[in-house]
Protein chains: 2
Amino acid sequence: MGEFDLIRTHFWRGAAARPDGTGVLLGNGDDAALLAPAPGMALAVSTDMLVAGRHFLPDVDPEALGHKALAVNLSDLAAMGARPLACTLALALPQPDAAWLQGLARGLLALADAHGCALIGGDTTAGPLNLCLTVVGEVAPAQALRRDAARVGDDIWVSGTPGVARLGLALLRGEQALQGAGAEAARQQLLRPAPRVALGLALRGVAHAAADVSDGLLADLGHILVASGVAAELDVEALLQRAAANDALHALPLATRLGYVLAGGDDYELVFTAAPAHRAAVQAAAAQASTPVTRIGRVVAGVPAGHVLEPGASRVRLCDAEGQPYALPPGVALGGFDHFATMAP
Amino acid sequence: MGEFDLIRTHFWRGAAARPDGTGVLLGNGDDAALLAPAPGMALAVSTDMLVAGRHFLPDVDPEALGHKALAVNLSDLAAMGARPLACTLALALPQPDAAWLQGLARGLLALADAHGCALIGGDTTAGPLNLCLTVVGEVAPAQALRRDAARVGDDIWVSGTPGVARLGLALLRGEQALQGAGAEAARQQLLRPAPRVALGLALRGVAHAAADVSDGLLADLGHILVASGVAAELDVEALLQRAAANDALHALPLATRLGYVLAGGDDYELVFTAAPAHRAAVQAAAAQASTPVTRIGRVVAGVPAGHVLEPGASRVRLCDAEGQPYALPPGVALGGFDHFATMAP
């Protein structure tokens, strides 16, 4: 079975333009797909590559992999406040495997359907297992949740429970041995993260800056701080209180837990800033999106944008609930998630 | 050096919106880039993945690789008649290598600059060498050169000299040993193909259907024929006459030469159809784009669209210059280029 048959069989489906002639004008099957944003909207474009042994274990269930590959890309759209429109999938795999591809397609297309995201193109080739997705969403440019839009005095918020996915990885690797609802939730968070698209959309006009938490909370908050030329006071006690929502995470030694929460990576939550006057609006957006959010600090004056000292942590001061410096216990691993640091055991 | 530093150092550059507020509104450095097409234009999106040992040899010059990785993607835009606007690059590489990345960036960005194509995003990860590019171009939807637009009676045209890149591969592999201008041109065509963007733009409103020749002339013409529900008579003598433009290609035994010309792959030329009444307009477009074109056949009635028999060749009847059946000599390799068939020696 050649590459065209593989793709056609498992992934191609029709795509129809909207009644007003915008959206996906031409889907899969030509040299390029054609997209037209609705009037006043720009297209948000993001790309992510997932490599076996690095972002997932080679023996992962293909359906979970299909879900996650799209989820991590949709998470980038969520962090812009963009509504998913379309995606492309480029796939290298060692040999054609119909059952594996069927599982991958099932996981990817189910999530794509849930978000109205059409698969509009792709490429398949033989090679070491690798998935590269590009997603396209729609957002009014003035409403996009940019990284450079945080303002001094803003509250800092995060969705969900940072650290849970890192616990899921630890469980998968056998670094931790916990059971029960929290442990199962952690595995699910790692393998099948739910991109916070609804929250991103609800935060348009409410939040100032946003980023998705893929490399760890400190690192991704750091991207906002660097781009906005500001610094942050981060309320570690609020984060630990949120972490208690997962009983398995809460059961970990404090130093381990802090490492997971602050620098775990793979969370695919949103970290965002909003004016204190918008606290009720943030909570309303979170309720509308059925997504828990926690206020975890505030934006303070810092080194101006463009003056990059070190990525991330250097612009963050860890505090307790009263705003006093929080002294980390010994042994907290805060190394930002780096894709050149191996993720496999 | 972490992944952010790698990308920032070698690939990030500013991007500015056009005076009318369209184009690249936000480039690299956020969760997603923001693009807005000019009024009346749609965005054409295409993605291609290149794997070491499959699409290029692992020891290829990184500058040539950077050029080719973008060129094969721009070729898809050319085949839609779209003007390049932006691209993303996702890159897996075994280890960070500043000199190698610098070469890759130089080759890629030089071609991007030549086509006004901004690098708007990317991803870098450790892994077996793999480049995945997504390109975005602009085209008025009604002017896009779609694969399903060929009409019975159309002439069939091809740009450049199909088969030359396949000769280049044979020279690189040591399957052929030729020297001189034609052999050098063949190596260049393989390593540094020039995407036919100017020709694609000039053919808007002139050609009906178009595809780029990446998998071999028969295979890619076949995609047009299947999508349009038509068949073709292909003038093999016209193709051989064109092949004589390269002295090294012309020096090959007939059976080898025919295999290269009809099914060689990696040409990145355009195959397109246009009404006979537009012959002068096609020649004018070719002159405007400084790109040679050759009329190589005509579209005839065939199996309707949707009735896929076999990809490609089954819809093509090979003819001589008088339209009589052309009998291939024994030993012509016409197997369509398949990315699951290895390309490495």
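Trainee: Where in chain A is A:Ser290?

Mentor: This is a predicted model, to start with. A:Ser290 sits in the chain A loop that runs between α11 (279-288) and β11 (293-301). Its phi is positive, about 50 degrees, although A:Ser290 is not a glycine.

Trainee: Why does A:Ser290 count as exposed?

Mentor: Exposed means over 50% relative accessible area. A:Ser290 has 65% relative accessibility, so it counts as exposed.

Trainee: And B:Tyr268, why is that one called buried?

Mentor: The cut-off for buried is under 20%. B:Tyr268 has a relative accessible area of 10%, so it is buried. It lies in the loop between α10 (254-263) and β10 (269-274) of chain B, and its phi is positive too, near 55 degrees.

Trainee: What makes A:Asp215 buried?

Mentor: Its relative accessible area is 6%, and buried means under 20%. A:Asp215 is in the loop between β8 (210-213) and α7 (217-228) of chain A. UniProt, in an unreviewed entry, places a "binding site" feature there.

Trainee: How do you know that α3 of chain A has a span close to the expected one?

Mentor: Helix α3 (residues 98-114) has 17 residues and reaches 24 Å from first C-alpha to last, against 24 Å expected at 1.5 Å a residue.

Trainee: What makes A:Asp97 a cap for α3(A)?

Mentor: One of its side-chain oxygens lies 3.2 Å from the backbone nitrogen of A:Ala99, at the N-terminal end of α3(A). The limit for a polar contact is 3.5 Å. Just after the helix, A:Gly116 has a positive phi of about 60 degrees.

Definitions and conventions:
Residues numbered from 1 in each chain as written. Chains lettered and ligands numbered in written order. Predicted model: local features only at pLDDT ≥ 70, side-chain atom pairs only at ≥ 80, totals over all residues. Heavy atoms only, no water. Helix = DSSP H or I, 4+ residues; strand = E, 2+ residues; numbered from the N terminus. Buried < 20%, exposed > 50% of the residue type's maximum accessible area, 1.4 Å probe, protein only. UniProt positions renumbered as here; feature names shortened; annotations may be inferred. Expected span 1.5 Å × (residues − 1). Polar contact = N/O pair within 3.5 Å; in protein donor to acceptor, adjacent residues only side chain to side chain.
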